[in-house]
Amino acid sequence: MAKVILVIVVLVLLFLLGGLIFPYLFHSQQNSQRENCKNHYRILGTIGLQSPSIPNGPMPATVVDYLPAGTFDRTQVPVADRCSWYVWTLNVVDQGPSNPELKIGHRSPKGLAEILPMFAADAAWNEGDNSRISHYFLKIARCPAVYSPVGENTPQLANYVANGGIGNGTPAEPLVKQSANAGAFRYDGNTPFSLIVDGLSNTIALLETNSEIPPWLKGGSATLRTLEKNENEPLGEGKSFGGCHEGGIMVCFADGSARFIGGTIDPQVFRTHLTISDEMTPVE
């Protein structure tokens with residue numbers, strides 16, 4: 001009888017202990033995933049986008065004062081078939097920053113240096129050697145909270161997309177016609193910091209999605225996303241953005257800082273973070 005009671009007591013203690021440990025482990029895992037996500041943004045936003053260059057070409061000697069085009073725009077390839085903005089970051093991801101303003105430790109991803117000379121600047125993302133490049137697993141393009149591997153010899157995917165503002169046609173507008181809906185990126189040409197009226201620390205450059213995850217090398221609306229003008233619930237599973245981290249979304253602002261935004265944020269406030277203007281853009 002005493003042994004039975006002892007066994008019951010031990011089981012009860014284990015149950016209670018598990019109730020304390022498991023939530024702690026889950027919370028710890030979430031924090032670790034968010035930190036890894038921040039690190040990916042740190043590489044993309046603070047290093048990559050501030051030292052944009054053509055793969056296997058020279059990197060800028062100093063930090064630039066603009067955000068590069070949201071597609072690889074130095075080609076006559078249609079927007080939807082272009083290579084994505086990720087190509088601007090590949091040199092610095094491989095070699096580390098060439099300018100002294102970006103003081104940061106660097107480790108070259110395995111195999112990246114070998115694929116950079118393959119890049120065909122005048123070809124579509126899925127043509128010839130560019131297609132082979134798209135099969136490269138670009139780790140910093142995937143959110144660690146939802147990463148699951150895809151097969152070899154197939155385009156590898158990306159959770160991080162560039163912010164094109166509000167409205168499907170907005171990224172295609174010429175710079176001189178950019179409206180209050182304009183985002184940090186557009187298909188053709190750079191976005192000078194001087195035009196980001198709302199401030200670099202208030203304007204989202206990159207954000208994550210777990211919906212219709214695109215190949216990282218595919219340009220156009222695949223990796224340059226906009227918010228529908230009438231969409232007032234943009235965050236969460238199955239929505240335009242978010243769905244990677246429980247309780248909110250990790251974003252990278254134009255100044256390179258990464259922050260976690262809670263899912264309960266006022267949709268109107270979130271919309272203001274998507275535009276370079278300081279004007280309110282109400283839901284239509």
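Predicted model: local features only at pLDDT ≥ 70, side-chain atom pairs only at ≥ 80, totals over all residues.

I started with strand 4 (204–208), which is mostly covered: five of its five residues are buried. Buried here means under 20% relative accessible area, exposed over 50%, and partly exposed in between, with a 1.4 Å probe and protein chains only. Strands are DSSP runs of E with at least two residues, helices are runs of H or I with at least four, and both are numbered from the N terminus.

Residues are numbered from 1 along each chain as its sequence is written, and side-chain values use heavy atoms, with hydrogens and water left out.

Next, the partners of strand 4. Strand 2 pairs with strand 4 in the antiparallel sense over three bridges; I count a pair if DSSP finds at least two bridges between the strands. In that pairing Tyr160 stands opposite Glu208. Strand 6 and strand 4 are also antiparallel, over three bridges, and there Ile204 faces Phe253.

Five strands make an open sheet in the order 5-2-4-6-7, with mixed pairing. Strand 5 (224–227) and strand 7 (258–262) are the edges, each pairing on one side only. Neighbouring strands are turned by 40° against each other on average, direction ignored; the axes are lines fitted to C-alpha atoms (for helices, over the stretch in contact), and angles run from 0 to 180 degrees between N-to-C directions. Strand 6 and strand 7 pair antiparallel over five bridges, and Val251 sits opposite Arg259 of strand 7.

On to the cores. The largest nonpolar core has 47 residues, and among those with the most contacts inside it are Tyr41, Trp85, Leu138 and Trp216. Such a core is a set of buried Ala, Val, Leu, Ile, Met, Phe, Trp, Tyr and Cys residues joined through side-chain atoms within 4.5 Å. Which element gives the largest share of this core? I found helix 1, with four residues. Apart from this core lies another of 13 residues, including Leu207, Val251, Phe253 and Leu274.

I checked Leu138 by itself: Leu138 touches Tyr86, Leu90 and Trp216, leaving out residues up to four places away in sequence. Contact means heavy atoms within 4.5 Å.

Gln156 is in the loop between helix 4 (128–134) and strand 2. Gln156 counts as buried because its relative accessibility is 8%. With residues up to four places away not counted, Gln156 touches, among others, His135, Phe137, Pro214 and Trp216.

Last, the spaces. The largest pocket holds about 610 Å³ and is lined by 24 residues, with Asn39, His40, Ile43, Lys139 and Ile140 nearest its centre. Helix 1 gives the most to this lining, six residues. My search of the whole structure finds one cavity of 30 Å³ or more; the largest cavity has a volume of about 50 Å³. Its lining includes Gly45, Tyr66, Phe193 and Cys252, and strand 1 (66–67) and strand 6 each supply at least two lining residues.

For the record, on a 1 Å grid over the protein atoms alone, a cavity is a set of points where a 1.4 Å probe fits but cannot get out, a pocket is an open set with protein on both sides within 12 Å along at least five of seven lines, and lining residues have an atom within 4 Å of a point. Points are joined across faces, edges and corners, and a volume is the space filled by probe spheres set on them.
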